[in-house]
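Here are a few friendly notes to read alongside the model. They take up one interface and then two positions from a database record.

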Amino acid sequence: MEKKKEQAKVLSQEMLADGIYSLWIETEAARTARPGQFVSVYTADASKLLPRPISICEIDKEGKKLRLVYRVTGEKTGTKQFSELKAGDTVPVIGPLGNGFPYEKAEGKKVFLMGGGIGVPPILELAKQMQCEEKQIVVGYRDAHTFLKDEFEQNGTLYISTEDGSVGTKGNVMDAIREQNLDADMIFACGPTPMLRAIKTYAEERGIECYISLEERMACGIGACLACVCKTKEKDAHSNVNNKRICKDGPVFLSTEVEL
Amino acid sequence: MEKKKEQAKVLSQEMLADGIYSLWIETEAARTARPGQFVSVYTADASKLLPRPISICEIDKEGKKLRLVYRVTGEKTGTKQFSELKAGDTVPVIGPLGNGFPYEKAEGKKVFLMGGGIGVPPILELAKQMQCEEKQIVVGYRDAHTFLKDEFEQNGTLYISTEDGSVGTKGNVMDAIREQNLDADMIFACGPTPMLRAIKTYAEERGIECYISLEERMACGIGACLACVCKTKEKDAHSNVNNKRICKDGPVFLSTEVEL
Amino acid sequence: MDMKVNIAGVEWKNPVTVASGTFGSGEEFGEFVDLNRLGAVTTKGVANVPWPGNPTPRVAEVYGGMMNAIGLQNPGIDLFCKRDIPFLKKYDTKIIVNVCGHAPEEYLAVVERLADEPIDMMEINISCPNVNAGFLAFGQDAKHVEELTAQIKKIAKQPIIMKLTPNVTDITEIAKAAEAGGADALSLINTLTGMKIDINRRTFAVANKTGGVSGPVVHPIAVRMVYQTAQAVNIPIIGMGGIATPEDAIEMILAGASAVSVGTANFYNPNATIEIIDGIEAYMKKNGFESVKDMVGIVK
Amino acid sequence: MDMKVNIAGVEWKNPVTVASGTFGSGEEFGEFVDLNRLGAVTTKGVANVPWPGNPTPRVAEVYGGMMNAIGLQNPGIDLFCKRDIPFLKKYDTKIIVNVCGHAPEEYLAVVERLADEPIDMMEINISCPNVNAGFLAFGQDAKHVEELTAQIKKIAKQPIIMKLTPNVTDITEIAKAAEAGGADALSLINTLTGMKIDINRRTFAVANKTGGVSGPVVHPIAVRMVYQTAQAVNIPIIGMGGIATPEDAIEMILAGASAVSVGTANFYNPNATIEIIDGIEAYMKKNGFESVKDMVGIVK
Ligand SMILES: Cc1cc2nc3c(=O)[nH]c(=O)nc-3n(C[C@H](O)[C@H](O)[C@H](O)COP(=O)(O)OP(=O)(O)OC[C@H]3O[C@@H](n4cnc5c(N)ncnc54)[C@H](O)[C@@H]3O)c2cc1C
Ligand SMILES: Cc1cc2nc3c(=O)[nH]c(=O)nc-3n(C[C@H](O)[C@H](O)[C@H](O)COP(=O)(O)OP(=O)(O)OC[C@H]3O[C@@H](n4cnc5c(N)ncnc54)[C@H](O)[C@@H]3O)c2cc1C
Ligand SMILES: Cc1cc2nc3c(=O)[nH]c(=O)nc-3n(C[C@H](O)[C@H](O)[C@H](O)COP(=O)(O)O)c2cc1C
Ligand SMILES: Cc1cc2nc3c(=O)[nH]c(=O)nc-3n(C[C@H](O)[C@H](O)[C@H](O)COP(=O)(O)O)c2cc1C
Ligand code: FES
Ligand code: FES
């Protein structure tokens, strides 16, 4: 009974790039949050009842603050409504949810921290907290709107890919590591499924330990409704079938345990 | 096609008494509004789609302003949400709707302007616009919260009744005219059905021309859905049955044409 | 780009009409909407004689929608023909007259009376209480639907749209019965039967106890039923139920509706029909659809 | 004042349980809610063997509600008995196990397996697809319902709640069949079948094409069905469908439900059950009701 839905206070909102917003909120969820976890954000619109899961981009434990960086997916959406929140407003959230990245395992390793598209934000707090031998941040954007770039540069060696080639490698994050001839002995990644699929294949071919953060539509966000499952190689102990709950057992999985 | 739903601007909001609010809005509806007409006010809450019909309490044609005085009927209601509107907010309205009081007919007459409960507000603009021989305003309240009292005193001779007897006659508006021994040769009234029923009987017994403003649940507010009918004595020309639409054919009716 | 649709031989200028009972015969909404813009106007249900309708309250608000038990108040077919049809004839839009009755004879009387009137289509509301079959409506029994459709088709001179109720186990069974009876088109859905209780007054929110639920809340059920029906029959479908935005209308068309009706949305957005017409056009432009019919039922 | 209710011989401390499938077996929500406060916990449906469920996406948002096509994923009765029942036994609340199956044998296997488990009641989900009757569910056919109920009753050691689907023409017919088969109680409603299409991707919003609609939007339909059923049978009814507030729950009780289940509301307000329990108590106090049963079905 220690958890509850709370009215988080909006501290600031900023547009980072076209349709990409950064929101700082004050919430109890910050106290125990880890990189790779997410919060369920709710609208004030009575017609939109389900949560919008948003990854945690930055954590300020002492200040009880969380940063969320999100994309407005269209007109008439919940994220569109979030983008209209102003400092002083409140926004209902539940969190922190899920298991974060097991970044402790990176100690002494040469690591890829890979993010693509709107999977970029959670990589920031991961980069900030991770202690490792070599921190190679490889992030992919659509175009020159390389949001969070400055923050990344302060937290590791940054490699950028853009779909239109306007900054860094033209292509995706895989193209970037190929072009730059990079390698790693551990990978942490978040991004669209095709990107994760490529990374998973890459990692498995090379036997690299790889953690990927998955997405799925959610209803409860806490593991009770079985909406958000992903396929697993082995029978899962909880579900007793080849399924795991992304919200509860993930969103971060070892690449070899899931099928994409 | 000259009519539309508009986003009226909230100019001010004030609590007049416990749960009774006064709202000034800027709206095109003010241009042609008459006392006794109403506006359909809509919430911003996607779960509450139907209009709240609210009578026009005061009209400022030149300033394009309307005053609405309304009661919050409970928690979680639309009127509760209206009470949270602040200057600068917008509120969707359609209006002016219905036919107002035919106050022109009062010229040269000794008139009762009677209002009870939340039927009191429309009597104010009526009193302001009416030119008659003798203007006797008789309004009934629950208790000493005699909202709009000052405004009424400026626009006629005021008689008050209160249910708890704290101000004026103890009882209702009928008790007030009896106690004060008042009479009239024309009546205009708005209030709860039992009050209107008593006034209708009183008027008909004495052969006094009497106009009453009725209430009913509405959906369209413009006469299209047939939700808001009242029974009529004669077959109505439009409906071809013994029914009239309160929103379109009313809300003001000659007491003898309707059954309560 | 072609917004025109052909419903059972009648060409509408665009696929948008209004849902019966939410728009009167157009007169009141004519102050808000240019009726010439509509593909068709569907009138409030009309019977052979005037019906007084139910006691009030006749409507209640429900979460994201409303409930009504108007009880099909109508002025009867004679006044309707004298007043409402001439009114609508002044506009460049198709006229669909919605017909109701308590028994087959009553429906047939209206259909016969309308045969030589200058209207374009008739929509038969078979959700009316069937006096011969207890509390069920005609539309809940496939046999009744087939028979009634066949009887109507024998005398009707205009194309017949049978309007289906969603309060059934299997909408495709009823749809097929209407098709077998000779229906030229189907429209669906009518309202879902609901109930609301005022817990403070401890009484029903509408005098009739139950009422028909409509508005955004019924949309997913309507889309499902339109989809299922489109797989089951070969006649055009007019889809309705909670359509309030262009997106809602397009969803219905992709599910299999050849045209759509806007109902409850008119009450809180009198301009809804126009926004929907414009929005469908914009969607077609953006997505390269040449004609509305290229979108009908393409999501399978 | 007495919040206790007696449902088919089982005394709950208050009339509030959770709707199957929205609360797992209580473990996850136990972090948000004191399970000891609930009248009962109703578990996610369980079958004789593990079911993998449907492909994703399994849920979609609809106006004022949601749609799900989880496909009854469940770990099978063996793991359930080993893990979920012992977990729930730690709490002072009644345990209702929701049972699903594709065919009578599958239901019976679960019921038999549960006979000697320390659970209080069983709820039989007859909205599962009936492999022997095409696309319809068991619950859409009165004959099947009566037979299945009778078969279950023969072997069950706990009271049996038959859970009815709203996707039927006449809910009272199904309710009476369940009663005739020997059901100890009824629960309703399960989800209304709906569909949502993503007009940009031009595909179905849930992989299963159709899904069950739940949440506030279904409430008026649920109230109507509970009311109708209460007039038709003499066994207690557990009412559900869109209950999100104390007012919703009270409405359901006044319509004829002896107890209520909270489903979708848990997802967006994990504290909903507690607020509803407290709110019912406050209403009783304010309105002078001594006992919950004095409120059941008093609006007629
Ligand atoms: C674990 C996790 C972390 C995420 N982190 C971020 C992040 O940091 N920043 C960000 O911009 N986005 C993130 N997303 C995606 C984000 O949840 C969706 O973009 C968002 O829910 C879309 O909501 P909407 O109001 O814009 O769209 P609507 O169309 O209004 O959404 C309708 C419904 O669909 C759901 N939905 C729509 N798209 C998605 C999606 N891609 N994934 C899951 N549910 C979806 C919504 O939650 C809502 O319930 C994350 C998703 C998951 C599962
Ligand atoms: C012509 C007319 C003029 C009115 N003028 C005033 C006025 O000046 N000031 C004032 O305070 N009230 C007035 N009322 C009553 C006012 O419309 C209701 O109190 C209000 O609609 C209640 O809405 P709610 O959001 O508080 O309640 P909710 O319970 O949220 O309302 C639910 C639904 O029921 C309808 N409803 C509830 N009560 C009534 C009612 N008494 N009459 C009609 N519909 C109702 C609402 O409009 C809404 O659609 C008037 C009513 C009519 C018909
Ligand atoms: C107030 C009201 C009156 C209605 N009257 C009729 C009617 O006379 N005949 C009919 O076939 N349908 C009638 N309907 C049903 C609508 O035409 C439509 O089928 C239903 O409301 C679903 O569409 P919507 O959700 O867009 O309103 C009525 C609906 C409402 C809300
Ligand atoms: C995600 C989800 C899963 C469900 N799973 C089951 C189930 O396993 N068995 C069952 O009988 N009902 C199931 N239901 C139906 C609910 O128990 C309930 O009958 C329905 O959702 C209506 O209540 P609500 O509107 O309060 O959610 C499920 C509903 C949802 C939303
Ligand atoms: S969203 Fe409910 S289990 Fe993940
Ligand atoms: S509210 Fe529709 S006719 Fe009056």
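1. A salt bridge here is a side-chain nitrogen of Lys or Arg within 4 Å of a carboxyl oxygen of Asp or Glu. Between chain D and chain C of this predicted model, the count of such salt bridges is zero. Polar contacts do occur there, with 14 residue pairs (both at pLDDT 80 or more).

2. How much area do chain D and chain C bury between them? The figure is about 3,800 Å², with 68% of it on carbon and sulfur atoms. On the chain D side, Thr169(D), Ile199(D) and Arg202(D) lose the most area to chain C, and together they make up 18% of what that side buries.

3. The contact involves 43 residues of chain D and 43 residues of chain C. Several elements of chain D each supply at least two residues to its side, among them strand 11 (192–195), helix 6 (246–255) and helix 8 (272–287). Helix 5 of chain D gives the most, with six residues. By type, the chain D side holds 24 nonpolar, 11 polar and eight charged residues.

4. Now for the record: an unreviewed UniProt entry lists a "binding site" that includes Lys44(C) and Asn125(C). Lys44(C) sits in the loop between strand 4 (40–42) and strand 5 (59–62) of chain C. Its neighbours in contact include Leu226(B), from another chain, as well as Ile70(C) and Leu72(C).

5. Is Lys44(C) buried or exposed? Lys44(C) counts as buried because its relative accessibility is 13%, under the 20% cut-off.

6. Asn125(C) belongs to strand 8 (residues 121–125) of chain C and is also buried, at 8% relative accessibility. Among the residues Asn125(C) touches are Leu72(C), Tyr107(C), Lys163(C) and Asn190(C).

Definitions and conventions:
Residues numbered from 1 in each chain as written. Chains lettered and ligands numbered in written order. Predicted model: local features only at pLDDT ≥ 70, side-chain atom pairs only at ≥ 80, totals over all residues. Heavy atoms only, no water. Contact = heavy atoms within 4.5 Å. Buried area = accessible area lost by both parts, 1.4 Å probe. Polar contact = N/O pair within 3.5 Å; in protein donor to acceptor, adjacent residues only side chain to side chain. Helix = DSSP H or I, 4+ residues; strand = E, 2+ residues; numbered from the N terminus. Nonpolar A, V, L, I, M, F, W, Y, C, P; charged D, E, K, R; others polar. UniProt positions renumbered as here; feature names shortened; annotations may be inferred. Buried < 20%, exposed > 50% of the residue type's maximum accessible area, 1.4 Å probe, protein only. Lists of a residue's contacts leave out its neighbours within four places in sequence.
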